[in-house]
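Reader: Could you walk me through this structure, please? I am new to it and would like to ask as we go.

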Amino acid sequence: MSVITLVLIFIVNTLGFTDTITGSAMGCGRNWPLCNGQIIPSVWTRATFIEYFHRLSVLLGGGVLIGFTVAAWRSYRQIVSVRILLGLALLGVVLEGALGALAVLFVNPPAVMAAHMGIALITFVAMVLITGVIGQADCRRFDSTGVAGGRWMDRNQQESERWARTFSRLVWWSVPYGYGAIYVGAYVASTGYGSFFHGFPIPTESFAVAGAALWIDILHRSIALGYVIWMAVLVYQSWRHRHSHRRQWNLSCAAFVLVCLQAFFGWFLIETHLSEIAFLLHVTNVSLLFATQCYLGWTMLQERHLRRHQDRGALIRIS
């Protein structure tokens, strides 16, 4: 049920991104939840088709999520993280619906559209983490590193603990940074500022041509460059302990590959003059990137919990 719900949430988000890039949010007119004043519209256009099925997917995804929440609560409510993540996922769906209604009633203001994407991303990430937590609970696997035998630290215990603290800070500080980068990118997309520019990686247009959009675009590109550098630092840091922290090393490499793909899709957006396929690749890839970052941070929380559990057990044995 968790995997099915995760897939449905991903489809809901993808249809929402398609709705945004095709300008189909008004395909059902300024009516919500009805479509052009009807439950099933009598006149169909491309925009109506996309907007209508996006709303249906939200209804289906929300219903499945509620059913999954009830089942997960009955079976896993003793796990604190499951309760928290279920709350986030449900809150995200409710806020998505509210922001979707605001976007229709107020004709897609850029700030609302950017917030809509950010909330959708939180729901997706919450479902990714829930799926991982439940999978581990079902398999009775509490090894947070993926190393056989459940070893979580190097022979040099103090060095491993210092590395874990440093790496955990780097990972968790990268999460709000990534979220901010995504919000800025969503704002640029919703305002249409990206259509002013053709140069890459530095825009060739002048302020006289682009106006204030130039500074917003430079801000977006600068943050994106920082994103790439940050993921490269995570790879370097995890490489030093790749044998004892295999899962962190693999996730860091995945995040770096995804952030490089994000830069490539950004170039593709500019080269294709904001084509629909380039936009969908760009926003779908960043969803996977952010989910990978959050899951990496989750593994560090698991590791800290395991370390405290082991230390507590050692103290009990000594006493």
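Reader: Is Ser174 buried or exposed?

Author: Ser174 counts as buried, at 1% relative accessibility, where buried means under 20% relative accessible area, exposed over 50%, and partly exposed in between, using a 1.4 Å probe and protein chains only. Please keep in mind that this is a predicted model, in which local features need pLDDT of at least 70, side-chain atom pairs count only at pLDDT 80 or more, and totals for chains, interfaces and linings use all residues. Residues are numbered from 1 along each chain as its sequence is written, and side-chain values use heavy atoms, with hydrogens and water left out.

Reader: Where is Ser174 found, and which residues is Ser174 in contact with?

Author: Ser174 is found in helix H5; helices here are DSSP runs of H or I with at least four residues, numbered from the N terminus. Leaving aside neighbours within four places in sequence, Ser174 is in contact (heavy atoms within 4.5 Å) with Trp230, Met231, Leu234 and Gln293.

Reader: Which residues of H7 are buried?

Author: The buried residues of H7 are Ala213, Leu214, Asp217, Arg221, Ile223, Tyr227, Met231, Leu234, Val235, Gln237 and Ser238.

Reader: What does Ile130 contact?

Author: Leaving aside neighbours within four places in sequence, Ile130 is in contact with Ser2, Phe68, Leu85 and Leu86.

Reader: Switching topic, how many aromatic pairs are there?

Author: The count comes to 12 aromatic pairs, where rings of Phe, Tyr and Trp (its six-membered ring) pair if their centres lie within 6.5 Å, with planes under 30 degrees apart counted as stacked, over 60 as edge-to-face and the rest as tilted. Phe49 and Phe53 form a tilted pair, 4.6 Å centre to centre with 45° between the planes. Because they are 4 residues apart in helix H2, Phe49 and Phe53 are separated by about one helical turn. Tyr177 and Tyr227 form an edge-to-face pair, 6.1 Å centre to centre with 80° between the planes, and this pair links distant parts of the chain, with Tyr177 in helix H5 and Tyr227 in helix H7, 50 residues apart.

Reader: Are those two tyrosines buried or exposed?

Author: Tyr227 is buried, with a relative accessible area of 5%, whereas Tyr177 is partly exposed at 25%.

Reader: How many disulfides are there?

Author: The count comes to 0 disulfides, under the rule that a disulfide is a pair of cysteine sulfur atoms within 2.5 Å. Cys294 counts as buried, at 8% relative accessibility, while Cys253 is partly exposed, with a relative accessible area of 25%.

Notes:
Helix = DSSP H or I, 4+ residues; strand = E, 2+ residues; numbered from the N terminus.
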